[in-house]
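Thanks, everyone. I will keep this short and go through one structure piece by piece. Please look at it first.

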Amino acid sequence: MMNIPASIPDIQDQLAADFEFLDDWEERYAYLMDLGKDVRGLSQEEKTLDNLIKGCQSRVWLTTRLENNRLWMYADSDTFIARGIIALLIRVFNGQTPADILSEPFDLPERIGLTAHLSPGRANGLAGMLARIRYDAAVALGDRKN
Amino acid sequence: MSSNWSAKTGSEGLTRPDWDAIRLEFPALHQSVNGCPLAYFDHAATSQKPRRVINAMTHYYQSDNANVHRGVHNLSQRATTVYEAARTKTARFLGAADSSEIIFTSGTTASINLVAQSWGNAHLKPGDEVLVTGLEHHANLVPWQMACTRTGARLKIVPVNERGEVSTEAVSEMLTSGTRMFAFCWISNALGTINPAQEWVEMARKRGITTLIDAAQVVAHKPINLQEIGCDFLCFSAHKMMGPTGTGVLYGIKSVLETLDPVFGGGDMIDEVSYERSTWADLPYRLEAGTPNISGVIGLSAAIDFLESIGWASILERESELLSYALEKLRNIPRIRFIGEPKLRSGVISFIADGVHPYDLGTLLDEQGIALRTGHHCAQPLMRHFGISGTCRVSLALYNNHEEIDRLDLAIRSALRLITNVDK
């Protein structure tokens, strides 16, 4: 049984505070890429076209599993930076209820200045990852048929 | 065109253009990106524009703007005069026999598609072969795939060797009695390989095969003399030669262009129109339906003036010096591996760093104000040939300088250091 995480706003506050300590681009990227190490990775069989996020320049795969009304996320990517970005999302949303995932705002990228540094391509990728997590949450709630 | 660049005299007594003054002509180069001065190494995607080009286009919109070829009023006549003068200038720039051999299009892609559709429909039939090389940009591959699907012709690809070159022997073997068209890039956008265009055209012509050259990567870097090259078609874009986007050229030998039916019908391309039938105007108008990109063509004309004001001898010398310097710097960075090591190379260097995704490296370089291209460079089959999904590509132009290349070197080193620390 996985541990139940803190709330979505609390986790974002914590991460934003962590990023505030970092004052240059090198440290921020080092930290982001370091977060990416938490991402467990997926097997070759799990890297399906279905699990591939649309909109990413680099390849990102994401799959979710619902357990006791909480959504757990598994992901992989072929680049360190995309892996870091998906790690941020997983930190915030992993183990949350589908209802919270759909209702809580996600403003962490703006708060840590990530949005300003993302190329339009990467920003699309981030939007694609978030959309996928929320879609899976909506499916879990029964709002959408899979 | 007389030179307006205050020349500097080198130690050996030769006069050279003042490259710092030339660089100042490009407003977009002088800005900060992510807190660092911009170093622009993405010329092969699109070049920056000198003031002369920007001013010419602004002047046209502010003073001469009118539609061409269809008005008796003074503005329309002025617009027509500058538009047609640009055609004459482009013809001279390329060494074309006649200005009616210059068709203005929206770019290289449109030029190739026009030929693939119009020439393809008229000349290709089941069993015929269209030959391209493994170095092509998708723009000189996909239109031919489409033409072959339509007509039943077969598309054949001359293979690329490990150095990123296409051998003339391989071309010769594949130019068969069934080949109708040989379409190839003069310079590879992804690797910088310079192909022996003249030799290949000569081989094809001797066998009665029509030739098309994708010269998109040539126009800002090498002079073109169509009388020497002898190709049937040649295509390029203004925006890769310091001109504006949305403007390009299709050159065709007049007798060959005359066999082409228009792909687009509309204004400006007709002789007589009735409800029953229409007849076509003469070349070049027949292939330029609708209001053309007048300001773009004026920008192209100014870009030609700009390049000629510096002179090809100076441009060639400058770019080869920058290329040697960049090759030496990048070659000495640990983990960097060049993709393609052609003996004849234009100012393009494609490379990967072992174990590092090009997007990661490109992003960390952007953070340091370095603009280069990452990805497959619209040449996915070529990337597959090298067993990779993409590269980082540095492309140079006359406005780059040694200091920028030094910064590139240091920026790659710090990006790799950062990634290596994370990767532990």
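I begin inside chain B, where 28 residues of domain 1 of chain B are in contact with 31 residues of domain 2 of chain B. Keep in mind throughout that this is a predicted model.

Which elements supply the domain 1 side? At least two residues each come from helix 11 (312-331), strand 16 (348-353) and helix 13 (380-385) of chain B. Sorted by class, the side of domain 1 that touches domain 2 has 14 nonpolar, 9 polar and 5 charged residues.

As for where the domains run, the domain assignment of chain B gives domain 1 as 8-50 + 311-419 and domain 2 as 54-308.

Now chain B as a whole. Chain B contains 14 helices and 19 strands. Along the principal axes, its C-alpha atoms fill a box of roughly 75 × 55 × 40 Å. What radius of gyration would a compact globule with 424 residues have? The answer is near 22 Å, and chain B agrees, because its own value is 22 Å. Of the 424 residues of chain B, 48% count as buried. Taking the contacts in chain B with a separation of 6 or more, 69% are between residues 24 or more positions apart.

Next, the contact between the chains. Chain A puts in 12 residues and chain B puts in 11 residues. On the chain A side, the elements that give two or more residues are helix 2 (25-35) and helix 3 (80-93) of chain A. Helix 2 of chain A gives the most, with 6 residues. The chain A side divides into 6 nonpolar, 3 polar and 3 charged residues.

Those two helices of chain A also meet each other. In general, two packed helices are described by the angle between their axes and the distance between the axes. Here the axes of helix 2 and helix 3 of chain A come within 7 Å and cross at roughly 70°. That angle makes helix 2 of chain A roughly perpendicular to helix 3 of chain A.

Which residues meet there? From helix 2 of chain A there are Leu32(A), Met33(A) and Leu35(A), and they meet Phe80(A), Ile81(A), Gly84(A), Ala87(A) and Leu88(A) in helix 3 of chain A. By class, this helix contact has 7 nonpolar, 1 polar and no charged residues.

That is where I stop.

Methods. Residues are numbered from 1 along each chain as its sequence is written. Chains are lettered from A and ligands numbered from 1 in the order in which they are written. This is a predicted model: local features need pLDDT of at least 70, side-chain atom pairs count only at pLDDT 80 or more; totals for chains, interfaces and linings use all residues. Two residues are in contact if their C-beta atoms, placed from the backbone, lie within 7 Å. Helices (H or I, at least four residues) and strands (E, at least two) are DSSP runs, numbered from the N terminus. Ala, Val, Leu, Ile, Met, Phe, Trp, Tyr, Cys and Pro count as nonpolar, Asp, Glu, Lys and Arg as charged, and the others, Gly among them, as polar. The radius of gyration is taken over C-alpha atoms; the globule rule is 2.2 Å times the number of residues to the power 0.38. A residue is buried if 20 or more other C-beta atoms lie within 10 Å of its own, exposed if 12 or fewer, and partly exposed in between; C-beta atoms are placed from the backbone. Domain bounds come from an automatic or database domain assignment. Axes are lines fitted to C-alpha atoms, for helices over the stretch in contact, and angles run from 0 to 180 degrees between N-to-C directions. Angles under 35 degrees count as roughly parallel, over 145 as roughly antiparallel, 65 to 115 as roughly perpendicular and the rest as oblique.
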